[in-house]
Amino acid sequence: MTHITAIDWLIVALTLAICFVPALFFAGRSSKSTSEFFASGRSVPWWLAGLSMVATTFASDTPNWVTEQVRRFGVAGNWQWWAFALTGIATVFFFARLWRRSGVLTDLEFYEQRYSGREASWVRGFRAIYLGLFYNCFIMAMVTLAASKIANILFGLSPLQTILFAGVLNVAFAAHSGLWGVLVIDMIQFFIKMTAVIAAAWFSLVEVGRRLTGMPEAGAGLKALVAELASRQTGQPVLDLLPRFSGSSDLWDTALMVFILPLAVSWWANWYPGSEPGGGSYIAQRMLASRSEKDSLAGTLFFNIAHYVLRPWPWILTALCSIIIYPDLASIQAAFPNANPQLIGHDSAFPAMLKFLPVGYTGLMIGGLIAANSSTILTHLNWGASYLVHDFYRRFIRANESERHYVHAGRILTVVLYTIAALLSLTLSTAQ
């Protein structure tokens, strides 16, 4: 549906090769033990741990979701997740060293160190199933749904076709190379993804400049974009960094939902991977895999700076440009008449903006979007399998098997987890 040249496809192939081929060399190391498969032998340097955290939280649904919030609530809509910077800072300065010092393989194992008795065992086992299976599969389903929407806009692929392609790639590498492979893939993918989304923001501004001023330049586009959006005073101003707290009840409702509740309640009361107090889940997995307490702290600090301060702005700029190019959902559908109407939403505006990328950059963006999907799915497969194997199967069902037996179980569960997530994605309509 989007014109893609042979050069673009060559760049896609090179991007995938650069990302995934290095991970092939870690199969032997990851097969030695669960410590290697799920924690990289506790020898990960801070920069690799930090880059992996950032890459993992940049999924294929992330720019889509940010675009939807900006289009619906303005830039201030991002406070729904910016509020979690409070937990991130707490994780850096209060928890990062302590996680590494604990010596556990997963954060759930810590329950039976901190507490005692059958109740502690029950909580550990319950959360292994609840988080590792149910919660984890819903997150992967959201990411897979976003990939399906992007592939439908760009290529006209059905959700099932997208699932088959992404599933084979992700499951094969997650099962083959363990956490070492995931970390290396994440590191490479981070730079590819950031280059791609910066290019998307740049050429979106070029298109806005062409339409509003007749000058196809990013600088002219930025000035025209700010002037045009600033002139729209009805409702919540799009460019305001904070929501409005006066005026109609709708403005108060917006402020309550995107700012007041996140800052007052959500940052400490919600559990979500990468944002929960203490930095559990795959963030704790990276801290536990770090080679020292200092590496654990430094990697988590880098993650929080990149996650909240540096990375969001290319997405936000692209989302703001999409308001000019596609003012409503009908305009997106009109620009892509063959796209599935059931998949069209405000989150579809981000992939719709990619039509303005020139030759070569389109291939880079496609490679970056595949990387965004893979970096998150690979992490969730390894993290979920670590809970199910180490905190449930090994703890309650088969306690005295060999290390290779548990690694093999982890590989089987990797396939099971993605299968469940893929089926769930077919029942969802939006990442929200």
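Student: Which helix does S281 lie in?

Tutor: S281 lies in helix α13, which covers residues 281-289. Please keep in mind that the structure shown is a predicted model.

Student: What is the phi of S281 near?

Tutor: The phi of S281 is near 55°, which is a positive value in a residue other than glycine. Most residues other than glycine have a negative phi.

Student: Is S281 buried or exposed?

Tutor: S281 is buried, because its relative accessible area is 1% and buried means under 20%.

Student: What is the phi of S40, then?

Tutor: S40 has a positive phi of about 50°, although S40 is not a glycine.

Student: Where is S40 found?

Tutor: S40 is found in the loop between α3 (34-39) and α4 (46-56). With a relative accessibility of 0%, S40 counts as buried.

Student: You mentioned α4. At what angle do the axes of α4 and α10 cross?

Tutor: The axes of α4 and helix α10 (residues 159-213) cross at roughly 65° and come within 8 Å. The two helices, α4 and α10, are therefore roughly perpendicular to each other. Their crossing is left-handed.

Student: Now α9 and α18. How far apart are their axes?

Tutor: The axes of helix α9 (residues 117-155) and helix α18 (residues 361-397) are 9 Å apart, and the helices pack at an angle of about 165°. That angle makes α9 roughly antiparallel to α18.

Student: Changing topic: how many salt bridges does the structure hold?

Tutor: The structure holds 13 salt bridges. Side chains of opposite charge can pair when their charged atoms come close.

Student: Which residue meets R124 in a salt bridge?

Tutor: The side chain of R124 meets that of D391 in a salt bridge, with 2.8 Å from N to O. R124 lies in helix α9 and D391 lies in helix α18, so this pair ties together parts that are 267 residues apart in sequence.

Student: Is R124 buried or exposed?

Tutor: R124 counts as buried, at 5% relative accessibility. D391 also counts as buried, at 0%.

Student: Which residues are linked with R124 and D391 in a network of salt bridges?

Tutor: E112 and R395 are linked with R124 and D391 in a network of salt bridges.

Student: What about E293? Which side chain does it meet in a salt bridge?

Tutor: The side chain of E293 meets that of R101 in a salt bridge, with 2.9 Å from N to O. This pair links distant parts of the chain, as E293 is in helix α14 (residues 293-310) and R101 is in helix α7 (residues 85-102), 192 residues apart.

Student: Why does E293 count as partly exposed?

Tutor: E293 counts as partly exposed because its relative accessibility is 23%, and that class runs between 20% and 50%.

Student: Let's move to the surface. Which residues form the nonpolar patch?

Tutor: The patch on the surface is formed by L241, L242, F245, W252, L256, I260, L261, V265, W268 and W313. Together they have about 890 Å² of accessible area.

Student: Which helix gives the most to that patch?

Tutor: Helix α12 (residues 249-269) gives the most to the nonpolar patch, with six residues.

Student: Where is L241 found?

Tutor: L241 is found in the loop between α11 (218-230) and α12. L241 is partly exposed, with a relative accessible area of 44%.

Student: Last one: where is V309 found?

Tutor: V309 is found in helix α14. V309 is partly exposed, with a relative accessible area of 49%.

Student: How far are the C-alpha atoms of V309 and L51 separated?

Tutor: The C-alpha atoms of V309 and L51 are separated by 15 Å, and these two residues are 258 residues apart along the chain.

Notes
Residues are numbered from 1 along each chain as its sequence is written. This is a predicted model: local features need pLDDT of at least 70, side-chain atom pairs count only at pLDDT 80 or more; totals for chains, interfaces and linings use all residues. Side-chain values use heavy atoms; hydrogens and water are left out. Patches are made of residues with over 30% relative accessible area and no salt bridge: like charges are joined within 9 Å, nonpolar side chains (Val, Leu, Ile, Met, Phe, Trp, Tyr) within 5 Å. Accessible areas come from the Shrake-Rupley method with a 1.4 Å probe; for residues, only the protein chains shown count as cover. A salt bridge is a side-chain nitrogen of Lys or Arg within 4 Å of a carboxyl oxygen of Asp or Glu. Helices (H or I, at least four residues) and strands (E, at least two) are DSSP runs, numbered from the N terminus. Buried means under 20% relative accessible area, exposed over 50%, partly exposed in between (1.4 Å probe, protein chains only). Axes are lines fitted to C-alpha atoms, for helices over the stretch in contact, and angles run from 0 to 180 degrees between N-to-C directions. Angles under 35 degrees count as roughly parallel, over 145 as roughly antiparallel, 65 to 115 as roughly perpendicular and the rest as oblique. A crossing is left-handed if the near helix is turned anticlockwise from the far one by less than a right angle, and right-handed if clockwise.
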